Amino acid sequence: MSAKAISEQTGKEFLYKYICTSSAIQNRFKYARVTPATDWARLTQDHPWLLSERLVVKPDQLIKRRGKLGLVGINLTLDQVKAWLKQRLGQETTIANAKGILKNFLIEPFVPHKQEEEFYVCIYAAREGDYVLFHHEGGVDVGDVDAKAQKLLVAVDEKLSESDVKKHLLQHAPADKKDILASFICGLFNLYEDLYFTYLEINPLVVTKDGVYILDLAAKIDATADYICKVKWGDVEFPPPFGREAYPEEAYIADLDAKSGASLKLTILNPKGRIWTMVAGGGASVVYSDTICDLGGVNELANYGEYSGAPSEQQTYDYAKTILSLMTREKHPEGKGDAGIVRAIKDYQGPLKEHEVRIFVRRGGPNYQEGLLLFLHLFSSTVSLVHRMWPLNFLLNTSSCSLTPAPSRTASFSESKPDGIAPAKKAKPTAPLDSIPASRPGSGRTCVTCCMCLAWLAIDFSGKATTLFSRHTKAIVWGMQTRAVQGMLDFDYICSRDEPSVAAMVYPFTGDHRQKFYWGHKEILIPVYKNMSDAMRKHPEVDVLINFASLRSAYDSTVETMNYPQIRTIAIIAEGIPEALTRKLIKAADKKGVTIIGPATVGGIKPGCFKIGNTGGMLDNILASKLYRPGSVAYVSRSGGMSNELNNIISRTTDGVYEGVAIGGDRYPGSTFMDHVLRYQDTPGVKMIVVLGEIGGTEEYKICRGIKEGRITKPVVCWCIGTCATMFSSEVQFGHAGACANQASETAVAKNKALKEAGVFVPRSFDELGEVIQSVYQDLVAKRVIEPAEEVPPPTVPMDYSWARELGLIRKPASFMTSICDERGQELIYAGMPITEVFKEEMGIGGVLGLLWFQRRLPRYACQFIEMCLMVTADHGPAVSGAHNTIVCARAGKDLVSSLTSGLLTIGDRFGGALDAAAKMFSKAFDSGIIPMEFVNKMKKEGKLIMGIGHRVKSINNPDMRVQILKDYVKQHFPATPLLDYALEVEKITTSKKPNLILNVDGFIGVAFVDVLRNCGSFTREEADEYIDIGALNGIFVLGRSMGFIGHYLDQKRLKQGLYRHPWDDISYVLPEHMTM
């Protein structure tokens, strides 16, 4: 959402810090906050003026008309303030329909003044600009300011001057105060723009001979501008409306939402409610809430929330986990009734069963088949009280079933939709919630989950084209959205277009190249350009841009695109673009005759011609809704997800969709309902129009005027969603930024009433929308206005391999297998152990190596031994062959990997490769039962060296301390060391012959590792021997010595050593043998 209310304290902080005006603003930063936890001694120490001045005290909890409600204490001493607060602080209060606790108060200095010194100032945003309201009589009794105040529109991108303020706003202001007021109002307006306010009201604004005082202030800011205003805003706290508590879960989801390009919303209405919703789509979530309230569930509705915009599996999991956690926190007296959701339900299956939760699933939109299979597999093994709905059932069937006592349906998700499905029927009246018997199985809490798709937007018509898309439309896609592009090409193919609709892609983060896609059965290449200018120059036939840029770059990329006259339509997909920037885009587009579709949309569709991005979902959805050929019904919607629902409804009740547009959920979409309705009115192929409006804004009233004035003559069917808002005790901001009523005329109920009075076909609920559409359509057919065409089957498109595999239709042997690591899920897994557990158990490098090399959780002493081996083998000086090679390569200017590799390539039987050989040789001798002396004699007789015996420098009299350290540790911690004992007996024999024939570090590690593998209890004898045979032990030397080689590489680079050349005096130059003789 965009416009969010801030506290009076926060608004005044912003004003005092950043306003620039010649007017003398008094009492800057002079306020104190009081809560139940306030320490009065500390408060008076921090604000000594509390002890000496007369005071005003009032709650700061987004409460309107506090003075009228007796919630302002005026002209009090500090003791009087304490007494006043004692009666109110922490007390439950009812204001209108909202009941809440008064717990946050603001104390400020009392300002003595006369009534004629009070004024009213307000600035608020509109599509066309910002309105400044001023009234010369402010205060508690200001009355209807919309009717009484002077009003001035400051158009988008225009500035407010003091002369304009004096001329248009201050006619009735006292002459001696006009200069002060004009300067202050201009400074206030500049502050309003710079800090991205959407609403800023001061009442009263007091102007005395001493200066300007801001007594009471109310404000909203555009929360989506956080990335622009973060430095000035800091960490802004957005308090909930009075009557609703601020829950940590709401803050958690808000934080997820802020860090995601997707939309994640959660408002907790009643934590003890029995009905919880988990709905995908800003529009669909409102429809579900409407229906639950219509069916008598308003007091049992626990939450409002939605997730949309393609959140990742992890984000969906976190969202679902939060809902399920809230839902199963406490038992109700009568019981409790896609990959991320599935994972969350699995994690909570115990509490869900304990609380007798009934889950209703309705899955539509992209990938609905895979989603249904996931739910089927889940519910067959976990939660049993599940009601499963048809993929294409009308939306409201799910909600009505969730409130109706009906037996569980057990049909398979894989069932196909019967031909000739009857139109939607109105939900039968249901028993009140409190009449449902608690003893009936499944009478507990209910979770309604709906996974849908999204949609698109539209136009303005002064100098803009009536027809946006045809069979020959060509588009450029901004962003590496390969899946969306492939969906567009598949749509083109089943529509029998001659050429693909996507001419090129633009992606600044890669060089120019070509991307492979499918066109039916064959592969084609589509060019990808690094900059927009190259794409435009090489593709002059393109007139549509589909902009998948992020919310931070969508504005700049759209402005750049509008500089190319060939572009006539731009679809902006991103959600969360600040409203001020959107309004600038709209103004620029109007000047250039460009139609903007968006922001906050998924696309749009003209059956048989063109579709934008992911509109209409996957190919099976498009075929089911017959979007491959045009019908006679055109629709316009705000919601993207609900546009897919309209495709479904219209295809099943009429001859199909002619064109569909979702203008987006922002307060100021690039095009409006009326723009599209007028375009459809002027399009001969459109015979009837469907509009799906929603709470917030007044665009639907323009349709009423258009019908009354005779500009719109075609039948219009319309329903505004969000009727539940009037039933809630506190204000709820729904998923779309524009879905909030700021006045009575913006409520869905008021707009539906006005539409019906204007002659629009308005159903009694969304559930009846299909029936009304069908009735109007059949009437047009009877009058021969519409003559349904004969169905022509579309060409088939091959199913993608990945999709077919997900559906279980095909199988293919894997290219290779792995059993040590899995990165596909929520977190990285080492040999079945999540990475979080690895750190929680403090397994260290040795433990990780045990998991990845041996697929076992080794005992702690074994893990510590591995780490010790890595430490003692890390380096042995620059003279050994591996280090020498690494140094030579580093000095030759090679990179780290090349230098390291050159050193590692020297490891073998002669250097460092004795671990495996020693382990095998000693194991074979020990296992064969020959005594150490016999083993030494045997090797001498065969003329073989005993691997792991001997050292160039160290001897029995000058022992290798590395071996001594390891020997002490092994003897102290290993449960048994039979092979090591055998090797030490061999050492006694060899050192008696020559002192340097000691058991060296390679030999020691080799035989000790055999002991740990055979005796730690984690392996069978066969498994231990297999690891020795496949060369696992040499890996210890390779891994350890790599640390040293890297050290030598970094050392040479740090010392800036030049190219190495071996000195000639260290080389023995000899002639060939035959020449010497």
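How many helices and strands does the protein have? There are 38 helices and 35 strands. Keep in mind as you look around that this is a predicted model.

## The overall picture

The protein has 1077 residues, and 55% of them count as buried. Its accessible surface comes to about 47600 Å². Carbon and sulfur atoms account for 53% of that surface.

## Inside the nonpolar cores

Let's head inside. The largest nonpolar core is made up of 73 residues. Leu15, Leu188, Phe197 and Ile214 are the ones with the most contacts inside this core. Helix 6, which covers residues 178-194, gives the core its largest share, with nine residues.

Leucine 15 is a handy place to start exploring. Setting aside neighbours within four places in sequence, leucine 15 is in contact with Ile25, Leu188, Leu191, Ile202, Ile214 and Leu217. Another core lies apart from this one and has 71 residues, including Ile275, Phe673, Ile703 and Leu780.

Six strands form an open sheet in the order 28-27-30-29-31-32, and the pairing is mixed. Which strands stand at the edges? They are strand 28 (610-611) and strand 32 (716-721), and each has a single partner strand, so one side of each is left without a neighbour in the sheet.

Further in, strand 27 (residues 604-606) pairs with strand 30 (residues 657-662) in the antiparallel sense, over two bridges. To find a bridge, look for isoleucine 605: its bridge partner in strand 30 is glycine 660. In general, strands of a sheet pair through backbone hydrogen bonds, either parallel or antiparallel.

Notes. Residues numbered from 1 in each chain as written. Predicted model: local features only at pLDDT ≥ 70, side-chain atom pairs only at ≥ 80, totals over all residues. Heavy atoms only, no water. Pairing = 2+ DSSP bridges. Helix = DSSP H or I, 4+ residues; strand = E, 2+ residues; numbered from the N terminus. Buried < 20%, exposed > 50% of the residue type's maximum accessible area, 1.4 Å probe, protein only. Areas by Shrake-Rupley, 256 points an atom, 1.4 Å probe, with all protein chains shown as cover. Core = buried A, V, L, I, M, F, W, Y, C linked by side-chain atoms within 4.5 Å. Contact = heavy atoms within 4.5 Å.
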